[in-house]
Each structure stands twice: as C-alpha cells, then as structure tokens.
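Hi everyone, thanks for coming.

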Amino acid sequence: MFLGILSVLPLLVTQIFNVSMPGYISHILHVSSVSYGITDMFYGIGGLVAGLITAKLLEKMTKKNLLIDFFLIASLALLALFIFKLNLLTFAATFLIGLSNSAYRR
C-alpha cells in the first residue's frame, strides 16, 4: 500500500504544482504573467534535460538510488519554494522539479 501511494506521489505533486503555480506567481511573488511563462519554460527545460541525462545517469547509478536522489531534489526544491519567496529561486526550483518529475517516468 505504501509503495503504491509513493509511486503516485510524483504525479500528484505535478498536478498540484501546475494548478497552484499561477496563484503562487501572482499572489505570493507579486510578479507578472511573464514570470509565470518563464517559470513554465524552466519546467519544460528541466524535462528536456531529464530526457537527455537520465540514460547516462542510469549507467552510473542504480535505478533505486537515482529515484531516491530525484525524489530528494524535488522535495528540497518544493521546500525552498515554501520557505524562500524569490522569483529567481522559483525559476531554479521549477527547473529541478521538471527535471526530477520527468526522470521518474523513465
């Protein structure tokens, strides 16, 4: 049961992240829709980078260790978004979330 819930968690976080990001950008950071577009772009770039590097990382690491590492990266990025409310940090954290969430699916 625990492993089933854990396996769905990245998809759930992605959905919540995508729904809450416009409000976070507007109401928490108080920046424009341009920042939202850039944030969304960094999520996509993170997904692209995941597609490019995941196979190489799997040659050097076990799948279990890679999943744990990406899970920790996503968790720390989400925690940073919660604690530090900075626009540039949002871009970096969104990149890391896109990277880790896309890598989970490989």
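Predicted model: local features only at pLDDT ≥ 70, side-chain atom pairs only at ≥ 80, totals over all residues.

Okay, let's start with helix 1, which covers residues 2-28, and helix 2, which covers residues 33-60. How far apart are their axes, and at what angle do the two helices pack? The axes are 9 Å apart, and the angle is about 155°. That angle makes helix 1 roughly antiparallel to helix 2, since anything over 145 degrees counts that way. And if you care about handedness, helix 1 passes helix 2 in a right-handed crossing.

So who's actually touching whom? On the helix 1 side you've got Thr14, Phe17, Met21, Pro22 and Ile25, and on the helix 2 side there's Ser35, Tyr36, Thr39 and Tyr43. Sort that contact by class and you get 6 nonpolar residues, 3 polar ones and no charged ones.

Now, helix 1 has another partner, helix 3, residues 63-83. Here the axes come within 12 Å and cross at roughly 25°. Helix 1 and helix 3 are therefore roughly parallel to each other, as an angle under 35 degrees counts as roughly parallel. This crossing is left-handed.

From helix 1, the residues involved are Leu6, Leu9, Val13, Phe17, Met21 and Tyr24, and they meet Phe71, Leu78 and Leu81 in helix 3. What classes do we find there? It's 9 nonpolar residues, with no polar and no charged ones.

Let me move on to helix 4, residues 87-104. Thr94 lies in this helix. Is Thr94 buried or exposed? Its relative accessibility is 1%, so Thr94 counts as buried. Setting aside residues up to four places away in sequence, Thr94 touches Phe17, Met21, Thr39, Phe42 and Tyr43.

A polar atom of the Ser102 side chain lies 3.0 Å from the backbone oxygen of Gly98. Beyond residues up to four places away in sequence, Ser102 touches Gly47 and Ala50.

Back to helix 3 for a moment, where we find Phe70. With a relative accessible area of 5%, Phe70 is buried. Not counting residues up to four places away in sequence, Phe70 touches Leu57, Leu99, Ser100, Ala103 and Tyr104. Phe70 and Ile97 are 27 residues apart along the chain, and their C-alpha atoms are separated by 8.7 Å.

Last stop, the loops. Phe84 is in the loop between helix 3 and helix 4. Phe84 is partly exposed, at 46% relative accessible area. Its contacts, leaving aside neighbours within four places in sequence, are Tyr24 and Leu89.

And then there's His30, in the loop between helix 1 and helix 2. His30 is exposed, with a relative accessible area of 64%. What's the phi of His30? It's near 55°, a positive value in a residue other than glycine.

Methods:
Residues numbered from 1 in each chain as written. Heavy atoms only, no water. Axes fitted to C-alpha atoms, helices over the stretch in contact; angles between N-to-C directions. Helix = DSSP H or I, 4+ residues; strand = E, 2+ residues; numbered from the N terminus. Parallel < 35°, antiparallel > 145°, perpendicular 65-115°, else oblique. Left-handed = near helix turned anticlockwise from the far one by under 90°. Contact = heavy atoms within 4.5 Å. Nonpolar A, V, L, I, M, F, W, Y, C, P; charged D, E, K, R; others polar. Polar contact = N/O pair within 3.5 Å; in protein donor to acceptor, adjacent residues only side chain to side chain. Buried < 20%, exposed > 50% of the residue type's maximum accessible area, 1.4 Å probe, protein only.
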